[in-house]
Amino acid sequence: GGELIRLLAFSHRLVECSFSSPLLFNEQAMVHLHICEYQTDLAKHMMLEAWRLIEALPALQRDEIRTLGHSDGDLLMAVLYEAHGGTHRPWHIPRGAPTCEVPLPRALQGVQLTRPSGGTPQVSEKEQEWHNARLAGARHWQAEVDGALTGTSISLERVAELVQSGARMLGVDGSVLLVTSSPAADGLPSAALAPAQSVSEDDGSDACDAALFRLVGLAVQERASRRWCQQHTVALNSPQPLDVMRKALAAAETLMLPLNEVESLRSRLAECERWLASASKIQDALCDLREVQDLHRDAEALRLQAPEVTALRNRVAACKRWMVRVHSDLLRRTSSRGRPSTKLTESEAQGLIDEISELRVRVDEVDMVKARLHEASEWKVAVGAALSVTSGIDSNAMTDMSRLLAQGEELNLALDDMAALETRVAANTAWVLSLIHI
């Protein structure tokens with residue numbers, strides 16, 4: 001709990017976070033505490049005494065040890081290992097641990113560390129020294145955390161930044177923050193969320209101690225929040241049904257931090273529910289194409305997976321195909337001569353109207369198709385009248401037939417009378433040419 005965290009912080013500051021493996025260093029520090037019968041002050045005192053012996057070594061000897069790849073933390077644990085009996089009384093350190101392999105200088109071999117007869121003033125003095133050096137930084141960091149948690153939500157990245165900056169400011173390695181694994185342990189997570197002043201008063205410790213425990217609590221919540229994000233990454237980043245989003249939000253109820261990711265998912269769920277309500281209103285109703293397209297665009301942006309989305313997606317795709325066909329096969333008024341594609345019949349054009357009617361979508365092109373069919377109906381009447389005249393054809397009649405032929409081509413429909421009209425216009429043209437040559 002709290003005493004273990006204080007001991008680890010003490011040991012990290014002592015060696016300035018210089019160790020080959022922070023996790024192994026922490027494990028060895030915990031074994032040291034166990035051998036000291038969980039008397040934290042005694043464990044700190046022996047660490048400080050061992051460290052001063054190391055500091056008293058000639059610089060050349062310490063450099064030789066570093067050259068072999070051993071850090072100051074490794075050397076500290078090797079001295080404690082020696083003081084606790086070394087190879088004659090195993091210290092339950094894992095086989096192959098770095099501290100077992102550090103070659104101790106002769107001055108540290110068989111070292112004996114004395115137990116204090118009274119208090120541990122040297123430990124208190126050392127801790128006060130650290131406290132004074134970090135007091136301003138601790139208060140600044142506490143204020144920074146207060147400011148970050150004052151808003152309605154905070155990103156996971158921002159929480160991680162606060163954890164990292166707090167560890168640097170307090171002079172501890174992040175591995176200290178892994179000691180407390182239970183989200184509810186020691187009330188640390190709730191302490192992380194409380195304003196700095198109330199934490200200090202409730203905890204009864206100095207600003208650095210309060211900052212340390214707030215840091216650990218914040219780290220506990222950061223890990224819990226990161227696990228939640230990892231477990232529910234599908235709900236956060238890909239199209240999912242409402243049930244998946246609701247389950248993810250239910251799991252987030254245990255989180256104490258107001259995460260942006262949670263608030264974003266909660267907002268997305270609410271928008272999805274509103275979207276479904278809107279979709280149900282137009283599902284079987286006649287509506288503008290723009291309304292259908294906008295609703296479909298909203299569904300894609302919300303990454304919602306639902307039958308209504310699939311139905312709307314299919315509806316929009318069918319409308320798109322309809323628009324492409326009606327413009328390319330009918331409404332384009334260019335001449336169709338030489339085009340390999342087959343023109344639509346009047347029946348097929350009417351089928352386009354029926355098709356868009358089944359899609360329950362209002363588009364301007366429907367009126368255009370109707371107008372085209374009406375033009376075709378009037379054209380057929382005019383062509384029928386023109387073709388019914390078989391004698392006494394004058395130049396005006398021939399001009400009208402040529403005009404009707406051009407109009408028929410612009411209609412871009414497969415009209416039954418077109419062939420007969422083309423034949424008559426060709427015959428008229430041939431007759432006129434024959435007169436010229438007489």
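**Close-up views of a predicted model**

**View 1. Helix α8 and its buried residues.** The buried residues of α8 are L156, V159, A160, L162, V163, S165, G166, A167, M169 and L170. Buried means under 20% relative accessible area, exposed over 50% and partly exposed in between, with a 1.4 Å probe and protein chains only. This is a predicted model, in which local features need pLDDT of at least 70, side-chain atom pairs count only at pLDDT 80 or more, and totals for chains, interfaces and linings use all residues. Residues are numbered from 1 along each chain as its sequence is written, and side-chain values use heavy atoms, without hydrogens and water. Helices are DSSP runs (H or I, at least four residues), numbered from the N terminus. The buried residues of α8 pack against α1, α7, α11 and α14 (260–282); contact means heavy atoms within 4.5 Å. G171 follows α8 and has a positive phi, near 75°.

**View 2. The largest pocket.** About 250 Å³ of space lies here. Of its 16 lining residues, R13, K44, E127, D206 and D209 are the closest to the centre. A pocket is an open set of points on a 1 Å grid over the protein atoms alone, where a 1.4 Å probe fits, with protein on both sides within 12 Å along at least five of seven lines; lining residues have an atom within 4 Å of a point. The volume is the space filled by probe spheres set on the points. α1 (2–14), α3 (40–55), α7 (121–150) and α11 (207–231) each supply at least two lining residues. The largest share, five residues, comes from α1. By class, the lining has five nonpolar, two polar and nine charged residues. Asp, Glu, Lys and Arg count as charged.

**View 3. Aromatic pairs.** The count comes to two. Rings of Phe, Tyr and Trp (its six-membered ring) pair if their centres lie within 6.5 Å; planes under 30 degrees apart count as stacked, over 60 as edge-to-face and the rest as tilted. The ring centres of F10 and W130 are 5.2 Å apart with planes at 70°, so this pair is edge-to-face. F10 sits in α1 and W130 in α7, so the pair ties together parts 120 residues apart in sequence. Both F10 and W130 are buried. The ring centres of F19 and F25 are 4.8 Å apart with planes at 35°, so this pair is tilted. F19 is buried, at 11% relative accessible area. F25 is buried too, at 2% relative accessibility.
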